[in-house]
Amino acid sequence: MIGFRIGDLHVKKNNKNSKIVCINTNTTKLAQVNLIKEVFGCYGHFYTKNRNGVYDVTCLLDNSFSFLLHKQDKIEDWILNDKTFFFSFLAGYTDAEGCIKINNGMASYRLGSYDKNLLKQAYKKLKGMDLHPNYNLETKKGEIFGGVRQNGDFWRIGIYRKDALLKLFEFLGPYLKHSSRVEDLKVAKENILERNRRKDERKKANYERAPVY
């Protein structure tokens, strides 16, 4: 919940004395609507309106969800120091801000946002687990990327090595909830296994063709 909230949701109270926590977002993707309903809908009142292809999503929760109110550019220590909590958090953040794709025939995992410190913490954690991440400033504030002027510096984590991706997918897979991310992970894993299979076949063929002295 926390990772998904930081990545993609607005959370507020109408006033400081209110006992209602209001979650809200706008999206053009029905999969995102379904995800919010799955994660939060069972805990409160869920509403959605379609306005010319844009879904306005609202979920009203009780005061026990006040922990979602504060959005910060940070991963709390209790999350970082526990492998299960960390990958649950990272999955939520990936559902909101991540991308698992096939580019030029090769699978990749990318996670990008304006949350510089949060991403740097995630990068260090992933690096410490030998997952070989990259971390870089992709677009500076004010630059135009994809036709959109960036409101702040945009940072990116990327993982591209096959062995690291397979390891990451094993950790991340059980916690992903966004239907598109789940399917993308499946396709990416199949891509890596197929590339490994072809590599093994080439090695076997080269071995069989090698001269015997």
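This dialogue goes through a predicted model, from the whole chain to single residue pairs.

Visitor: What should I know about the model before reading values from it?

Guide: The model is predicted, so local features need pLDDT of at least 70 and side-chain atom pairs count only at pLDDT 80 or more, while totals for chains, interfaces and linings use all residues. Residues are numbered from 1 along each chain as its sequence is written, and side-chain values use heavy atoms, with hydrogens and water left out.

Visitor: How many helices and strands does the chain have?

Guide: Helices (H or I, at least four residues) and strands (E, at least two) are DSSP runs, numbered from the N terminus. Here the chain has 7 helices and 10 strands. Its C-alpha trace spans about 85 × 40 × 30 Å along the principal axes.

Visitor: What share of the residues in the chain is buried?

Guide: Buried means under 20% relative accessible area, exposed means over 50%, and partly exposed lies in between (1.4 Å probe, protein chains only). Of the 213 residues in the chain, 39% are buried. Areas come from the Shrake-Rupley method with a 1.4 Å probe, and for residues only the protein chains shown count as cover. The chain exposes about 12,700 Å², and carbon and sulfur atoms supply 50% of that area.

Visitor: Which residues have the most contacts inside the largest nonpolar core?

Guide: In soluble globular proteins, nonpolar side chains tend to be buried together. A nonpolar core is a set of buried Ala, Val, Leu, Ile, Met, Phe, Trp, Tyr and Cys residues joined through side-chain atoms within 4.5 Å. The largest one here has 35 residues, and Phe87, Leu90, Tyr109, Leu126 and Leu168 have the most contacts inside it. Elements giving two or more residues to this core include α4 (83–97), β6 (106–113), α5 (116–128) and α7 (179–209). Apart from it lies another core, of 17 residues, with Ile36, Phe40, Tyr55 and Leu61 among them.

Visitor: Which residues is Leu126 in contact with, leaving aside its neighbours within four places in sequence?

Guide: Contact means heavy atoms within 4.5 Å. With those neighbours left out, the partners of Leu126 include Phe86, Phe87, Leu90, Ile157, Ile159 and Leu168. For the chain, residues 24 or more positions apart account for 64% of the contacts with a separation of 6 or more.

Visitor: In what sense do β5 and β6 pair, parallel or antiparallel?

Guide: Two strands pair if DSSP finds at least two bridges between them. Strand β5 (residues 98–103) pairs with β6 in the antiparallel sense over 6 bridges, and Lys101 has Ser108 in β6 as its bridge partner. The hairpin of these strands has 2 residues between them, and Asn104 takes a positive phi near 55° there. β6 also pairs with β10 in the antiparallel sense, over 5 bridges; in β10, Gly158 is the bridge partner of Arg110.

Visitor: Why is β6 described as largely enclosed by the rest of the structure?

Guide: The description applies because 6 of the 8 residues of β6 are buried.

Visitor: Which residues form a nonpolar patch on the surface?

Guide: Patches are made of residues with over 30% relative accessible area and no salt bridge; like charges are joined within 9 Å, and nonpolar side chains (Val, Leu, Ile, Met, Phe, Trp, Tyr) within 5 Å. Met1, Tyr43 and Phe67 form such a nonpolar patch, with about 290 Å² of accessible area together. Tyr43 is in the loop between α2 (30–40) and β3 (45–51), and with a relative accessible area of 43% Tyr43 is partly exposed.

Visitor: How many salt bridges does a search of the whole structure find?

Guide: A salt bridge is a side-chain nitrogen of Lys or Arg within 4 Å of a carboxyl oxygen of Asp or Glu. The search finds 8. One of them joins Lys189 and Glu170, with the closest N and O atoms 2.9 Å apart. This pair links distant parts of the chain: Lys189 is in helix α7 and Glu170 in helix α6, 19 residues apart.

Visitor: Which residues does the salt-bridge network join?

Guide: Arg197 forms a salt bridge with Glu194, the closest N and O atoms being 2.4 Å apart, and both residues lie in helix α7, 3 residues apart. Arg197 also forms a salt bridge with Glu201, again with 2.4 Å between the closest N and O atoms. Salt bridges with shared partners join Glu194, Arg197, Arg198 and Glu201 into one network.
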